[in-house]
Amino acid sequence: MNSEELQDLCVCGCVCVLSRQLSSGPQVQWLLDNYETAEGVSLPRSTLYCHYLLHCQEQKLEPVNAASFGKLIRSVFMGLRTRRLGTRGNSKYHYYGLRIKASSSLLRLMEDQQHLAMRQQPFSQKQRWTQTLSFLSFSVSHSGSCVSQSQYQQFLDASRALPEFPDVDLQDRALPEGIELEHLKSFQLLYREHCEAILDVMVNLQFPLVETLWKTFWRFSESQAGDSTTLAVHDESEKRLPKSCLVLLCKYDPVLRWSRDCDNTLYQGLVEMLIPDVLRPIPSALTQAIRNFAKSLESWLTNAMMNIPEEMVRVKVTSASAFAQTLRRYTSLNHLAQAARAVLQNTAQINQMLSDLNRVDFANVQEQASWVCRCEDRVVQRLEQDFKLTLQQQNSLEQWAAWLDGVVSQVLKPYQSSTAFPKAAKLFLLKWSFYSSMVIRDLTLRSAASFGSFHLIRLLYDEYMYYLIEHRVAQAKGETPIAVMGEVQTHSDTEFFT
């Protein structure tokens, strides 16, 4: 497209500002090379934006937010309509009347992804997969933090949709001076779109793009040269919600509470999508990619929120920290599970463990442990007998997990529907850990031949018990496990919510 045609396009489509922001000549040409209008077809809006993000990543361009990019699309493809398509709970906004060109490489990638998803996913998940992003193969060679979803898709639960967010509970508090109700609604809508975009890139294992999305939402500018630069880069967001209003809302208690709750919901969904089963084997490359992402996300977020009020930064980082910690713990638990699986399938090792365990002086262990934990004799004896029996039966890892789950249910049954449940659950976790450490101590002093196997099993069972207690406490409190894990840090931030 030459400069005269581009100028006409800017005049007709009212995108003069966008042309400066996006270097729209190359961007418009890229759109025209890859997309075309057609009747009776549609394309997810998020798919186009993520194609654009990867295009910018390849070309080393600074991307703009989804709203600004959408404005450019509408200026290029005149008369384009938007529709919300999909089943209830899984619907997404689509551009109706737009498709990928047959000559575009994007089409082949989309077809490959959809074919793979339809073949490997149950029928109930097909609708979701036809709406997810199709650009995954691009990322494999672009970033060491990206992995090919086509290779690891079977290990994910990509059927999860982002639940609806509640409205901000104002709690009869007056809006900040200079803030209107429309500003608050715009913030909620922008935040929802932002979270949907994060889900879209995460379900496709495009971890580095999360940093880009954070920077876009919080109006990050490399130069940080002042409002004029920020306004030039984030023009569309500025029109929907001025930066000055964004800053004021970031100090408003109801918005801080709402953002925290939305993040906990988002992050819990991401954890369950990436690691749907902590015991199921996960490829080492995928595990490492998840751990690298967890290691980076706090610094990415803090950097993206430069010049955002400290109150909001603390709230955001608290939830992100709980998210990162959970990913690290679950991947470690998964690694232990696979190592222990080999031990539990080895008959010779199991027989040696039984022999060593029968020589443990459980009466002495119980006497010492009871002084600290006050463990009931009948409970300890039952656990000892059940453990030996389960070991003797050479049960699978999944059967051991079911046994541990049953132990938790039985011990905590008296506290069901009680406000004392969280405290009782945490106390049981401490008792379990102390008692198991006493058994390991006895095996160590006896130079048990199976000490290494017991040590591995003990680490796994302690971690899995932590996982079970975490989820039981969350269920009892009506919260997500992410929210429960963020409580310690949240308590230090109570001045923002009082």
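1. In this predicted model, residues 24 or more positions apart make up 77% of the contacts in the protein chain that have a separation of 6 or more.

2. As to secondary structure, the protein chain contains 24 helices and three strands.

3. Burial and surface may be taken together. The protein chain has 498 residues, and 54% of these count as buried. Its accessible surface is about 22,900 Å², and carbon and sulfur atoms contribute 51% of that area.

4. The largest nonpolar core comprises 147 residues. The members that touch the most other members are Y35, F187, M202, W214, W218, L274 and F323. Helix α16, which spans residues 310-344, gives the most to this core, with 16 residues. As general background, nonpolar side chains in soluble globular proteins tend to be buried together.

5. Once neighbours within four places in sequence are set aside, L274 contacts F155, L156, M202, L205, F207, I290 and L327.

6. On the cysteines, a search of the whole structure returns zero disulfides. Are C245 and C250 buried or exposed? C245 has a relative accessibility of 6% and so counts as buried, since the limit is under 20%.

Technical notes:
Residues numbered from 1 in each chain as written. Predicted model: local features only at pLDDT ≥ 70, side-chain atom pairs only at ≥ 80, totals over all residues. Heavy atoms only, no water. Helix = DSSP H or I, 4+ residues; strand = E, 2+ residues; numbered from the N terminus. Buried < 20%, exposed > 50% of the residue type's maximum accessible area, 1.4 Å probe, protein only. Contact = heavy atoms within 4.5 Å. Areas by Shrake-Rupley, 256 points an atom, 1.4 Å probe, with all protein chains shown as cover. Core = buried A, V, L, I, M, F, W, Y, C linked by side-chain atoms within 4.5 Å. Disulfide = S-S within 2.5 Å.
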